Amino acid sequence: MAWIVLVVSGLLETAWAVALDRSAGFTRPLPSAVFAVTLVASMAGLAYALREIPVGTGYAVWVGIGAVGTAGVGMLALHEPANLPRIACLLLVVAGVVGLKIFH
């Protein structure tokens, strides 16, 4: 269960990062509210998962999911560059996250 919560929390990290960008410095109410709610939910899920998963592994997996997810949203929906070197680097992050899970 802790791993499922950790993955969901990582996805929520993607949501709060994108909402933070869309909030335009907290000048737009809806994205600012989405940011606040998803940030709290993401942190709560991480805290729950860390009751069973070591902090080094849990935090690295959480950040990795959030980073890859945020970069993916940026490339797919926000028209950020999507070139081979960027995608290769993101795949290396994914490989690291998978490795942490396998060798946990």
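Student: Which residues are buried in H2?
Tutor: Pro31, Ser32, Phe35, Thr38, Ser42, Gly45, Leu46 and Ala49 are the buried residues of H2.

Student: How are they arranged around the axis?
Tutor: They lie on the same side of H2, because they cover an arc of only 160° around the axis. The arc is taken from the directions that run from the helix axis to the C-beta atoms. Buried means under 20% relative accessible area, exposed means over 50%, and partly exposed is in between (1.4 Å probe, protein chains only).

Student: What kind of model is this, and how are residues numbered?
Tutor: The model is predicted, and local features need pLDDT of at least 70, side-chain atom pairs count only at pLDDT 80 or more, and totals for chains, interfaces and linings use all residues. Residues are numbered from 1 along each chain as its sequence is written, and side-chain values use heavy atoms, with hydrogens and water left out.

Student: What does the buried side of H2 pack against?
Tutor: The buried residues of H2 pack against helix H1 (2-22) and helix H3 (55-77), where contact means heavy atoms within 4.5 Å. The face turned away from that side carries the exposed residues Pro29, Val37 and Val40.

Student: How many residues does H2 have, and what is its span?
Tutor: H2 covers residues 29-49, which is 21 residues, and its first and last C-alpha atoms are 30 Å apart, close to the 30 Å expected at 1.5 Å a residue. The expected span is 1.5 Å times one less than the number of residues. Helices (H or I, at least four residues) and strands (E, at least two) are DSSP runs, numbered from the N terminus.

Student: Changing topic: how many aromatic pairs are there?
Tutor: There are three. Rings of Phe, Tyr and Trp (its six-membered ring) pair if their centres lie within 6.5 Å; planes under 30 degrees apart count as stacked, over 60 as edge-to-face, and the rest as tilted. Phenylalanine 26 and phenylalanine 35 have ring centres 5.4 Å apart and planes at 55°, so this pair is tilted. Tyrosine 59 and tryptophan 62 also form a tilted pair, at 5.6 Å centre to centre with 35° between the planes.

Student: Is tryptophan 62 buried or exposed?
Tutor: Tryptophan 62 counts as buried, at 3% relative accessibility, while tyrosine 59 is partly exposed at 45%. The two are three residues apart in helix H3, about one helical turn.

Student: Which residues form a ring cluster?
Tutor: Trp16, Phe26 and Phe35 are linked into a cluster by ring pairs.
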